[in-house]
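Good morning, and thank you for joining this group meeting. Please look at the sequence and the model as I speak.

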Amino acid sequence: MGNSCNSPMAETIMQNLMVKTSLYWEIDSAALRTWNIGRKPDKLCLRVLREHGLRTDHFCRLLTVNDFNYFDNIIAMNEHVHKELMLWANVNHVQNTSNVVMLGSYGQDGKPVSVISLSPARKLKAFRSAYYQFKDCCKQFILSQQVKIVRYDLPSTDEEDDRDFAALNISDQNRSVESSQSMDNLSVDLAKHNPSQSSQTPSLMSYHKKKLCENCGQKFLATL
């Protein structure tokens, strides 16, 4: 309702999943009431997000008629909010409400769940439980869209160690290199001494991009 607890938490979780699955969706959340407009999410919401290494720069805003036309889906956090959304749409003469769904419709194995309703009056334990529930529902929502999930595999620690060790040996053989030599020239020297490593030495940011099949996508999402 007030865009201070449930929806900003779900928004941040979904945004994080978008990054990890390389999906380019625009995610936002909004309020049906005006009492939190311009304010940050509730402090317990922010605390739980920080516990999972997440941050949000969201400030509460009010839902608009344009949102129904702009976004492909409008997700209500629970049944009560869903009813309010449909009533709001009717009062504001919104023609298309087929994209209004409930987050709880995306439970495990396609079974609907009763989403935890948060408010500033709830305790920290409720916020922590809601985080995991919201995350599971967000994962199921992604799978329901039948999109191709991309996974980026970074080099393993062993690969990085081997590369660093090779670079170290090469540098020992080139102690005569003057300290004023540029990094570009140094990279060329490394490549000359060990061509097999030259394609890997300049950067530690190499990765493998892989599009996942439906089953692999489900397994990958489950690990996030």
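A residue is called buried when its relative accessible area is under 20%, exposed when it is over 50%, and partly exposed in between, using a 1.4 Å probe and protein chains only. Buried residues make up 37% of the 224 residues in this protein. The model is predicted, so to speak of local features we need pLDDT of at least 70, while side-chain atom pairs count only at pLDDT 80 or more and totals for chains, interfaces and linings use all residues. Residues are numbered from 1 along each chain as its sequence is written, and side-chain values use heavy atoms, with hydrogens and water left out.

Let me turn to the overall fold. Helices (H or I, at least four residues) and strands (E, at least two) are DSSP runs, numbered from the N terminus. The protein has nine helices and four strands. Starting at the N terminus, the order of elements is α-α-α-β-α-β-α-β-α-α-α-β-α. A contact means heavy atoms within 4.5 Å. Among contacts between residues at least 6 apart in sequence, 73% join residues at least 24 apart.

Next, the interior. A nonpolar core is a set of buried Ala, Val, Leu, Ile, Met, Phe, Trp, Tyr and Cys residues joined through side-chain atoms within 4.5 Å. The largest such core has 34 residues, of which Met9, Leu118, Phe127, Phe134 and Ile142 touch the most other members. Two or more residues of this core come from each of H1, H2, H5 and helix H9 (214-223). Which element gives the largest share of this core? H5 does, with 10 residues. Beyond its neighbours within four places in sequence, Met9 is in contact with several residues, among them Cys45, Leu118 and Phe134. A second, separate core of 10 residues includes Ile74, Val81, Leu85 and Val100.

We come now to the aromatic rings. Rings of Phe, Tyr and Trp (its six-membered ring) pair if their centres lie within 6.5 Å; planes under 30 degrees apart count as stacked, over 60 as edge-to-face and the rest as tilted. By this rule there are five aromatic pairs. The ring centres of Trp25 and Phe141 are 6.2 Å apart and their planes stand at 80°, so this pair is edge-to-face. Trp25 lies in the loop between helix H1 (6-21) and helix H2 (43-51), whereas Phe141 is in helix H5 (residues 124-144), 116 residues apart. Is Phe141 buried or exposed? Phe141 is buried, at a relative accessible area of 4%, while Trp25 is partly exposed at 29%. Phe141 also forms an edge-to-face pair with Tyr106, at 5.1 Å centre to centre and 85° between the planes. Together, Trp25, Tyr106 and Phe141 form one aromatic cluster.

Finally, the charged side chains. A salt bridge is a side-chain nitrogen of Lys or Arg within 4 Å of a carboxyl oxygen of Asp or Glu. The count by this rule is six salt bridges. In one of them, Arg61 and Asp28 have their closest N and O atoms 2.9 Å apart. Arg61 lies in the loop between H2 and helix H3 (65-70) and Asp28 in the loop between H1 and H2, so the pair ties together parts 33 residues apart in sequence. Arg61 also meets Asp67 in a salt bridge, at 3.1 Å from N to O. Asp67 is buried at 7% relative accessibility, whereas Asp28 is partly exposed at 34%.
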